[in-house]
Amino acid sequence: MEGKEVKTAFLGEYRHNLDAKNRLIIPARFREVLSPAFYVTRGLDGCLAVYNSDAWQAKMAELAKLPHTRREVRLYIRSITSKAVESELDGQGRLQLPQFLVDIAGIDKPCVIVGCSDYFEIWSEQRWDSFDSEADDSFEANAEAMTELLEKL
């Protein structure tokens, strides 16, 4: 994302529970930077990704630049867009997730909301704890790999 200016910053980790109607309280700090309508879709590593309107449009523009003649590009784009839903928060700051997205993310009740700069993720608590532990174990190696990637840009 060379030269991309990050206008919103979703930061931090928040733990909440999904209620019986698949509603999830979104942290107040995140609500401040969500547009009235935003998008939820399948994310990487078994989570859900949530984009405000500007970040979603930027994501769609990036996907449009990929060569659609490549099968893996078409598969990836379909996986993102076919599972995407436009959403709004209710009056109490809750997001209602469709059941198919809850199933994709393997969410039972406990969830973790994780800020990722220009979007945020929703994880099942069990998946997040496992993923976070793995990420902690490889933090130094990942930092070195990122340095190498940045040098190539």
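This is a predicted model: local features need pLDDT of at least 70, side-chain atom pairs count only at pLDDT 80 or more; totals for chains, interfaces and linings use all residues.
# A quick tour of the sheet and its aromatic rings

In this structure, A49 sits across from E121 in β8.

- Six strands make up an open sheet, and going across it you meet them in the order β1-β7-β8-β4-β3-β5.
- The pairing in this sheet is antiparallel.
- Which strands stand at the edges? They are β1 (13–17) and β5 (85–87), and each has a single partner strand, so one side of each has no neighbour in the sheet.
- From one strand to the next, the twist averages 25 degrees.

**Helices on the sheet**

- Helix α2, residues 53–64, packs on the sheet and touches β3 (38–42) as well as β4.
- The direction of α2 makes about 110 degrees with that of β4.
- Helix α5 lies across β1, β7 and β8.
- Relative to β8, α5 runs at about 110 degrees.

**Aromatic pairs: Y51 and Y119**

- The count of aromatic pairs comes to ten.
- Why is the pair of Y51 and Y119 stacked? The ring centres are 5.1 Å apart and the planes are at 20 degrees, and planes under 30 degrees apart count as stacked.
- Y51 is buried, because its relative accessibility is 8% and the cut-off for buried is under 20%.

**Aromatic pairs: W128 and F131**

- W128 and F131 also form an aromatic pair, this one tilted, with 6.0 Å from centre to centre and 35 degrees between the planes.
- Both residues lie in helix α5 (residues 125–137), three residues apart, which is about one turn of the helix.
- Is W128 buried or exposed? W128 is buried, at a relative accessible area of 7%.
- F131 counts as partly exposed, because its 28% relative accessibility falls between the 20% and 50% cut-offs.

**A ring cluster**

- Which residues do ring pairs link into a cluster? They are F10, Y14, F30 and F120.

Key:
Residues are numbered from 1 along each chain as its sequence is written. Side-chain values use heavy atoms; hydrogens and water are left out. Rings of Phe, Tyr and Trp (its six-membered ring) pair if their centres lie within 6.5 Å; planes under 30 degrees apart count as stacked, over 60 as edge-to-face and the rest as tilted. Buried means under 20% relative accessible area, exposed over 50%, partly exposed in between (1.4 Å probe, protein chains only). Helices (H or I, at least four residues) and strands (E, at least two) are DSSP runs, numbered from the N terminus. Two strands pair if DSSP finds at least two bridges between them. Axes are lines fitted to C-alpha atoms, for helices over the stretch in contact, and angles run from 0 to 180 degrees between N-to-C directions. Contact means heavy atoms within 4.5 Å.
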